[in-house]
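Please look at the sequence and the structure first, and then follow the sections below.

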Amino acid sequence: MERMQSTNGKRQAILMLFAEWGGMHTGAWRAPGSPDDPTTDFEVCKQMVQTAERGKFHGFFIADAMGLQHDMSPDGLSGSARSGVRFEPMTLATALATQTRDIGVLLTASTTYNAPYTVARQFASLDRLTGGRAGWNVVTSANPQEAANFGLGERMDHALRYERATEFFEICEGLWDSFDDDAFERDKESGRFFDPAKMHRLDYGGEYFKVAGPLNLPRPLQGHPVIAQAGSSGPGRAFASRFAELVYTMPMDLPKAREFYADLKQQAEGHDRDPDQIKIMPSLSLVVAPTESEAQERLAAYDELVPPRTGIELLSALLEMDLSDYELDGPVPEIPETELGAKTRQKFFLDKARREGLTIRQLMQQSSRTGAIAGSPETIADRIEEWLANDAADGFNLGFADPLHSLTNFVDLVVPELQRRGIFRDEYAEGTLRDNLGLPRPASRYAAVAR
Ligand SMILES: Cc1cc2nc3c(=O)[nH]c(=O)nc-3n(C[C@H](O)[C@H](O)[C@H](O)COP(=O)(O)O)c2cc1C
């Protein structure tokens with residue numbers, strides 16, 4: 001497959017809508033003009049994906065956890081549109097697919113709290129129902145609340161989760177190949193619906209799963225659905241470099257993004273994969289307005305709308321220190337840097353507070369942005385172009401600070417600017433999501449034997 005390059009030799013961006021229905025900014029759901037119910041009103045979800053499709057986005061991606069956000073009190077949760085209250089993603093994705101034509105339909109499913117046969121069957125169904133637009137974001141589920149919702153006292157150990165994920169994924173791949181592409185003859189004359197020689201049992205026996213197969217569906221239109229994954233740890237990156245075709249990541253800055261990009265491409269080559277076939281997709285969270293000052297004003301307005309109880313709990317979790325008894329407009333106290341996983345983000349915000357002399361309220365507001373940056377169409381296009389040109393990204397997983405406003409501005413103002421610069425396509429390609437992403441259709445594991 002050809003690289004995603006335009007005739008001017010520049011890399012063409014892949015654009016994915018990171019569909020956080022309530023907005024990435026904790027305060028934005030309260031803004032005048034934000035929808036009354038941004039998270040469970042189908043009309044809002046529909047309007048968002050249809051807007052993304054109007055902007056020729058490659059896909060929309062539904063994140064998921066099977067429980068509420070775990071590290072907050074009911075009081076803290078109650079002020080957030082991002083508490084985890086959301087539709088079950090396969091149901092929602094299927095409904096949204098019927099309201100769109102070209103855009104890819106990607107969603108999250110966990111390898112820790114599902115059975116592989118069910119997931120393989122769901123994605124094979126979705127792929128056929130969408131005419132080849134399905135994608136699976138493979139997650140191992142880190143939220144302890146999810147473990148509790150599935151009868152487990154404790155979350156499964158990280159390394160075990162990835163071992164289980166590897167078996168789970170191998171089974172899904174095998175099940176998708178249960179029937180050869182041309183197995184179904186449906187020949188009324190002879191009375192043969194499918195050719196039995198083109199049906200394959202799997203008989204997988206692993207440490208975690210035993211699955212006989214075959215899957216009771218034809219091969220997905222795309223061969224296999226497109227695979228996305230967002231591991232950042234050693235085992236997470238190893239999994240992504242073997243299996244993922246889109247890799248989601250949230251780097252703090254350009255050097256870190258370049259390091260991640262180079263590492264994943266190199267690890268993929270180590271698995272005999274073409275590095276062009278693993279697309280690195282950093283997240284970018286945006287407030288977009290016609291001018292720089294309007295965008296900054298909007299961001300500041302969202303900051304003011306963060307409910308303090310919610311914001312302080314989120315900040316306390318981020319800094320790993322309970323700040324609820326401190327004066328909101330007082331200085332940020334001395335906080336020891338910890339060794340835990342959030343260390344880089346903790347350090348980023350502590351350094352920022354010290355450097356800029358921020359109060360607790362100001363730091364709370366800034367951390368509630370979930371990394372959102374505000375800008376004019378030109379500034380945002382500059383940022384996208386810089387990362388594409390510097391081997392930091394093949395595309396972007398685009399979140400928006402507010403439910404609809406910034407996405408609409410992005411589609412109306414930034415997309416034409418990217419197209420003018422020759423770094424984004426003008427139209428959908430005919431065919432499947434794979435065709436649109438420049439990814440090959442995987443051959444069946446039985447193809448070599450059969451031909
Ligand atoms: C952009 C992005 C989206 C993610 N979406 C989900 C999700 O929907 N559900 C989930 O459980 N985890 C999600 N994750 C978490 C990752 O699957 C992964 O667990 C995390 O990046 C930590 O990496 P590790 O698993 O290698 O430790 C996401 C991560 C990123 C960066």
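## Helices α4 and α6

Pro 116, Tyr 117, Val 119, Ala 120, Phe 123 and Ala 124 of helix α4 are in contact with Phe 168, Ile 171, Cys 172, Leu 175 and Trp 176 of helix α6, where contact means heavy atoms within 4.5 Å, and helices (H or I, at least four residues) and strands (E, at least two) are DSSP runs numbered from the N terminus. By class, this contact has 11 nonpolar residues, no polar and no charged ones, with Ala, Val, Leu, Ile, Met, Phe, Trp, Tyr, Cys and Pro counted as nonpolar, Asp, Glu, Lys and Arg as charged, and the others, Gly among them, as polar.

The axes of α4 (residues 116–129) and α6 are 9 Å apart, and the two helices pack at an angle of about 50°; axes are lines fitted to C-alpha atoms, for helices over the stretch in contact, and angles run from 0 to 180 degrees between N-to-C directions. α4 and α6 are therefore oblique to each other, since angles under 35 degrees count as roughly parallel, over 145 as roughly antiparallel, 65 to 115 as roughly perpendicular and the rest as oblique.

## Basis of the model

This is a predicted model, in which local features need pLDDT of at least 70 and side-chain atom pairs count only at pLDDT 80 or more, while totals for chains, interfaces and linings use all residues. Residues are numbered from 1 along each chain as its sequence is written, and side-chain values use heavy atoms, with hydrogens and water left out.

## Helices α10 and α12

The axes of α10 (residues 308–319) and α12 (residues 360–367) come within 9 Å and cross at roughly 80°, and the two helices are therefore roughly perpendicular to each other. Among the residues that make the contact are Leu 315 and Leu 319 of α10 and Leu 363 and Met 364 of α12.

## Backbone details

Glu 320, in the loop between α10 and α11 (343–356), has a positive phi of about 60° although it is not a glycine. Glu 320 is partly exposed, with a relative accessible area of 27% (buried means under 20%, exposed over 50%, partly exposed in between, with a 1.4 Å probe and protein chains only).
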